[in-house]
Amino acid sequence: MKKLNLLSKLDYLKIINKRTNLITVFLLLLICSSYILLISRNKFETRSKIIIRSSDNKALTFDFQSLISSGGASQKEASKYLEIYLNSFEAMLEYDKFYPLSKNYRKKGLDLLSGLSVNVKKEKKLEFYKSLIKLNVDSEYGVLKISTYGYSPEQSYKLNVFLIERSKSFINQINKDINKEQLKFAKKEAAIAKDRVTKASNKLQEFQSNNKLISITSEIETSSNILSNLENELVSKKVELSNNLTKYASKNVPEIYYLEEQIKELEKIIKLERENIVSPKGRELNKKAARLKELIAEIDFSTDLYKTVLTSLESSRINSIKNQRFITILSQPFLPDKPYLKWKYMLIISIILISIIIFSILNFIKTIIESHLDNAE
């Protein structure tokens with residue numbers, strides 16, 4: 001029984017020796033390399049570089065110093081958002097409308113691995129679309145490097161131009177959305193402030209109408225003048241009475257009696273006039289003056305607030321224009337002259353490395369089994 005086990009292990013070693021034969025590995029590598037180099041369709045690469053800049057720069061011309069200024073952080077952030085969008089399903093659908101993927105990138109010839117099938121699913125189409133583009137945001141300056149690939153120079157060029165145009169559309173849409181939201185908020189605040197002015201003005205008009213007042217100030221001045229004249233006349237009568245008392249020996253003379261009655265009447269009128277000015281049963285000019293002052297202050301405040309909001313609205317409109325972003329193309333795309341072969345060489349190197357690893361693992365297994373067989377013998 002033990003002998004049979006040893007024989008089976010020896011047979012297993014023979015199988016391993018066959019699989020790890022260098023000639024077999026070399027033939028496999030030769031077949032894979034031949035397929036990649038001769039059968040697999042060539043790819044062409046088109047490159048371009050863009051950067052997102054703000055219109056608040058002092059000059060619209062490209063300035064390296066302004067590029068590395070404090071605006072770099074926001075540029076990198078915007079470029080990252082753009083990178084995510086260009087890799088999105090939405091961008092793929094737009095490209096599919098512009099340049100149908102299933103039609104223009106369909107499988108051809110002996111190469112069964114490259115290209116798309118006719119009735120490919122959306123997920124596979126998105127995966128294929130992502131394989132055609134390579135986006136890289138420069139971590140220092142925020143420059144977005146766009147590399148596109150196709151089975152012809154025109155395909156890679158068209159895709160690169162498309163991505164640049166979609167980038168412009170994406171940034172323009174963001175500008176519109178931000179402007180719309182800012183102006184919408186500012187207009188809403190302006191409408192509220194204007195309504196406040198209108199209500200304050202209506203309150204004042206209603207107050208003046210109910211109290212039949214044109215100007216509370218003039219009424220107070222008129223009442224004050226009347227009261228002042230009455231008090232002056234009272235003082236004059238009292239002086240006249242004092243002079244008559246020294247002139248006549250008795251108080252019972254008609255002149256003194258008449259003056260005393262006039263003084264009493266004046267004092268009575270003055271008292272009534274004072275009460276009429278401030279009494280709740282009278283004109284309450286003091287309260288009305290305070291209320292009028294309050295209403296006027298409310299109108300002034302509402303008007304100033306409305307003016308501030310209008311200024312803010314105009315400032316918001318100017319700032320939204322000032323802070324608009326736009327795409328600057330640093331490196332224009334162009335039609336490639338020769339195929340991009342780097343991916344083929346990298347794939348062959350990867351296959352060689354994988355083969356070496358597998359060969360090493362099998363040799364390691366073989367060594368372990370031989371060691372066990374030697375111990376068993």
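Leaving aside its neighbours within four places in sequence, serine 147 is in contact (heavy atoms within 4.5 Å) with Glu45, Thr46, Arg47, Leu132, Ile133, Lys134 and Asn160. Serine 147 belongs to strand β3, where helices (H or I, at least four residues) and strands (E, at least two) are DSSP runs, numbered from the N terminus. Because its relative accessibility is 11%, serine 147 counts as buried; buried means under 20% relative accessible area, exposed over 50%, and partly exposed in between, with a 1.4 Å probe and protein chains only.

This is a predicted model, in which local features need pLDDT of at least 70 and side-chain atom pairs count only at pLDDT 80 or more, while totals for chains, interfaces and linings use all residues. Residues are numbered from 1 along each chain as its sequence is written, and side-chain values use heavy atoms, with hydrogens and water left out.

The pLDDT, which is the predictor's confidence in each residue, from 0 to 100, averages 75 over the protein, and 73% of the residues score at least 70.

| Element | Residues | Mean pLDDT |
|---|---|---|
| helix α3, lowest | 64-67 | 40 |
| strand β3, highest | 144-150 | 93 |

Over residues 57-71 pLDDT stays under 50, and the model has 13 contacts for them beyond four places in sequence. Where pLDDT is low, the predicted coordinates should not be read in detail.

In helix α7, which covers residues 122-131, Lys125, Leu126, Phe128 and Tyr129 are buried. Seen down the axis of α7, these buried residues fall within an arc of 165 degrees (taken from the directions from the helix axis to the C-beta atoms), so they line one face of the helix. On the other side of α7, Glu123, Lys124 and Glu127 are exposed.

Which helix gives the most to the lining of the largest pocket? That helix is α7, with four residues, and α2 (22-39) and α12 (342-376) each supply at least two. The lining has 22 residues in total, of which Leu113, Ser114, Gly115, Phe128 and Tyr151 lie nearest the centre of the pocket.

Definitions and conventions:
On a 1 Å grid over the protein atoms alone, a cavity is a set of points where a 1.4 Å probe fits but cannot get out, and a pocket is an open set with protein on both sides within 12 Å along at least five of seven lines; lining residues have an atom within 4 Å of a point.
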